[in-house]
Amino acid sequence: MSLVEIAARDHIAIVTLSRPDALNAISGQMADELGGAVLQAAADPSCWVVVLTAAGEKAFCVGADLKERNALDDAGWMRNRVQMRAMFEAIRAVPQPTIASVFGFALGGGFELALSCDFIVCADDAQLGLPEVRVGIIPGGGGTQLVARKVGSARAKDIVLTGRRVSAEEALSMGLVNRVVPRSELEKATLEVAEELCRSSPVSTREAKKAIDRGLEVPLEHGIEIEDAGWRKAVASEDRREGIAAFNEKRDPQWKGR
């Protein structure tokens, strides 16, 4: 039985966690399937945006499957770690813009799945948190690094070291999420963001995303060079020729993605 589903809607790939009976807890199987689904979407030239969502009513994802982990010996924990790390790395490596559509509980690895995406659209009932320290481990899907990069070290320590839960509104106020909407409007709002991204050149959005992400890791002047390399790739593309032509002809561009 598949624990992750993938569907296409125009140029949008919708990847769905499908284990609602376990609140979408991430088992080893789900980690492998999610990593594979994300890589599949990333490799598809017709895919311009990737949306990560979940089945069920109570939880986007409550993190790693601790019932499964409870049966692991130390070697099993290390094998599971390889699976989990590969999953998170696959999400962060997607060249297209990625959107997490979050509702209910998004805890531990579930919150890290969302943090690994470029945008988080959040239902007003969401409860976010990294409670790993309360069970004797630390966030292992990038949580310590991604939260600190979004909100600074002081707020990151408040969230990570206490393991407390953060409401959707508090997450919005500190810049952890991009948008908060009523639960009933979550799917619509998420697709609106995805469709808005599809109005831009897929070549340009990929290169701009790369420039932002890689530029944050290096000194400013090196970042400027990364931006210049992306600019040159965009200018050499068919999309640039189409975009400029469409602007001058006062019509919507027909992107080719190349």
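The points below concern salt bridges and surface charge.

1. This is a predicted model, in which local features need pLDDT of at least 70 and side-chain atom pairs count only at pLDDT 80 or more, while totals for chains, interfaces and linings use all residues. Residues are numbered from 1 along each chain as its sequence is written, and side-chain values use heavy atoms, with hydrogens and water left out.

2. The count comes to 14 salt bridges (a side-chain nitrogen of Lys or Arg within 4 Å of a carboxyl oxygen of Asp or Glu). E57, D125 and R183 are linked in a network of such bridges.

3. In helix α10 (residues 220-235; helices are DSSP runs of H or I, at least four residues), R232 and D228 lie four residues apart, about one turn. Their side chains form a salt bridge at 2.7 Å, N to O. R232 is exposed at 52% relative accessible area, and D228 is partly exposed at 28% (buried is under 20%, exposed over 50%, partly exposed in between; 1.4 Å probe, protein chains only).

4. K210 pairs with E207 in a salt bridge, the closest N and O atoms being 3.7 Å apart. The two are three residues apart in helix α9 (residues 202-215) and so are separated by about one helical turn. K210 is partly exposed at 26%, whereas E207 is buried at 14%.

5. R199 and E196 form a salt bridge with the closest N and O atoms 2.5 Å apart. R199 is exposed at 54% relative accessibility; E196 is partly exposed at 47%.
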